[in-house]
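The sequence and structure come first.

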Amino acid sequence: PLPFPPRCAHPEAGIPAFPGSQLPCFHGSSTIRHLKERFHMNLTEEQLQLLVEQMVDGSMRSITTKLYDGFQYLTNGIM
């Protein structure tokens, strides 16, 4: 199982934590929709598990991930 079951039924519940925020990501009618899309609420647990595995696999083979990891190691000692 995924490490965060059950998925949040209302991911938008965290948005009020930033009242009066000037950040554009907290304004507009599409904010809640985009947030829900990022949680992939339409997928079953099995579909979500496969998606997460594909995302991790793609990230592990990505040159940009390797470059960013190298940058973090050189600047912050993070490996």
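Gln72 is located in helix α3. The model is a predicted one, and the values below are computed from it. Is Gln72 buried or exposed? Its relative accessibility is 14%, and because buried means under 20% relative accessible area, Gln72 counts as buried. Leaving aside residues up to four places away in sequence, Gln72 touches Gly77 and Ile78.

**Helix α3 and what follows**

Helix α3 covers residues 63-76, which is 14 residues. From its first C-alpha to its last it reaches 20 Å, close to the 20 Å expected at 1.5 Å a residue. Gly77 follows α3 and has a positive phi, near 70°. Gly77 is also one of the residues that Gln72 touches. Met79 lies in the segment after α3.

The table sets out the relative accessibility of Gln72, Phe71 and Met79, with the class of each.

| Residue | Relative accessibility | Class |
|---|---|---|
| Gln72 | 14% | buried |
| Phe71 | 47% | partly exposed |
| Met79 | 90% | exposed |

Why does Met79 count as exposed? Its relative accessibility is 90%, and exposed means over 50%. Phe71, with a relative accessible area of 47%, is partly exposed, because that class lies between the 20% and 50% cut-offs.

**Aromatic pair**

How many aromatic pairs does a search of the whole structure find? The search finds 1. The ring centres of Tyr68 and Phe71 are 6.5 Å apart and the ring planes are at 35°, so the pair is tilted. Both residues belong to helix α3, where they are 3 residues apart, about one turn of the helix.

**Surface patch**

Which residues make the nonpolar surface patch of about 470 Å²? Tyr73, Leu74 and Met79 make it. Of these, Met79 comes from the segment after α3.

**The chain as a whole**

The secondary structure amounts to 3 helices and 0 strands, and along the sequence the pattern reads α-α-α. The chain has 79 residues, and buried residues make up 11% of them. Among contacts in the chain with a separation of 6 or more, 54% are between residues 24 or more positions apart. The chain exposes about 6,600 Å², and carbon and sulfur atoms supply 66% of that area.

Note on methods: Residues numbered from 1 in each chain as written. Predicted model: local features only at pLDDT ≥ 70, side-chain atom pairs only at ≥ 80, totals over all residues. Heavy atoms only, no water. Helix = DSSP H or I, 4+ residues; strand = E, 2+ residues; numbered from the N terminus. Expected span 1.5 Å × (residues − 1). Patch = residues over 30% accessible without salt bridge, like charges linked within 9 Å, V, L, I, M, F, W, Y side chains within 5 Å. Areas by Shrake-Rupley, 256 points an atom, 1.4 Å probe, with all protein chains shown as cover. Salt bridge = Lys/Arg side-chain N within 4 Å of Asp/Glu carboxyl O. Buried < 20%, exposed > 50% of the residue type's maximum accessible area, 1.4 Å probe, protein only. Contact = heavy atoms within 4.5 Å. Phe/Tyr/Trp six-rings, centres within 6.5 Å; stacked < 30°, edge-to-face > 60°.
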